[in-house]
Amino acid sequence: MDLPTKLTALGQVFHLYDQFAATLDVACKIDCADCCTANVTLTTLEGYRIIDHLISSGNLGIIQKIRAAPPRNRFHPQITTNRLAALCAEGRTPPDEGHAAWGPCPLLTSSQCPLYMVRPFGCRCFVSRRDCGEIGFAEMDDFVLTVNTVFLQTIEHMDARGCSGNFADILQVMASGANRRAYAHDTLNCSANRLIPNHPLKILIIPPQHRAKIAPILQALRRIKVPGGSSA
Ligand code: SF4
Ligand code: SF4
């Protein structure tokens, strides 16, 4: 499946999730940004879409701001969601992800996101029933967590030949024209760029009590021609 087709499918998946999120009763507001930390992770497909947007809007200078962020103060994932699902299905223990500081996202400006329309799924799916600033954490319904996991698995599957990593790392990698060309030809080397390889979806993480409720969302995802062979 070629890259333009993947990007179109990604836009459709985001739209589907935004429709779901619009049905939730949440405390999130446009200028609420406690959840905007340096620890957001994403796929190279999402990173490519963001860089595409920055190039077409003449805003690639934003990468300088990301480069200035200290690399040690952010989360570097060791394992992707689909790999985690596969390990759990095999009864194996996933690696310890460790802990990272919770500094603010390097892009956050006056509690506003300069990439809001093209923000990655890791930012889209962070919602809370109660104001995080008041209670100190996000409060999410178990079903929302299940839906979020299914979308994370689907997006990784769409980018199964790509990589995942921290937001700042992925954007710096994808800001390079040579890396974007390698990615478009499925030859981007994840480990050489300190990213982790994505995996195709083998098993969905859906608790039995959510299977009936999530069925319409799975059907809608299947109607999107998800690149990579099978669908969610
Ligand atoms: S998840 Fe929490 S911090 Fe983020 S917008 Fe919602 S209420 Fe605000
Ligand atoms: S990219 Fe935007 S939405 Fe995501 S954490 Fe940064 S400022 Fe927040």
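1. D141 is partly exposed, at a relative accessible area of 31%, where partly exposed denotes the range between buried (under 20% relative accessible area) and exposed (over 50%), with a 1.4 Å probe and protein chains only. This is a predicted model in which local features need pLDDT of at least 70 and side-chain atom pairs count only at pLDDT 80 or more, whereas totals for chains, interfaces and linings use all residues. Side-chain values use heavy atoms, with hydrogens and water left out, and residues are numbered from 1 along each chain as its sequence is written.

2. The side chain of D141 meets that of R129 in a salt bridge at 3.6 Å, N to O, a salt bridge being a side-chain nitrogen of Lys or Arg within 4 Å of a carboxyl oxygen of Asp or Glu. The pair links distant parts of the chain, 12 residues apart, with R129 in the loop between α5 and α6 (132-135) and D141 in the loop between α6 and α7 (142-158); helices here are DSSP runs (H or I, at least four residues), numbered from the N terminus. R129 is partly exposed, at 42% relative accessibility.

3. R130 and E139 also form a salt bridge through their side chains (3.2 Å, N to O), and R130 is partly exposed, with a relative accessible area of 43%. A network of salt bridges links R129, R130, E139 and D141.

4. Among the eight salt bridges of the structure is the one between the side chains of D18 and R124, at 2.9 Å, N to O. This pair joins distant parts of the chain, 106 residues apart, with D18 in helix α1 (residues 3-21) and R124 in helix α5 (residues 121-124). D18 is partly exposed, at a relative accessible area of 30%, whereas R124 is buried, at 6%.

How values were computed:
Chains lettered and ligands numbered in written order. Helix = DSSP H or I, 4+ residues; strand = E, 2+ residues; numbered from the N terminus.
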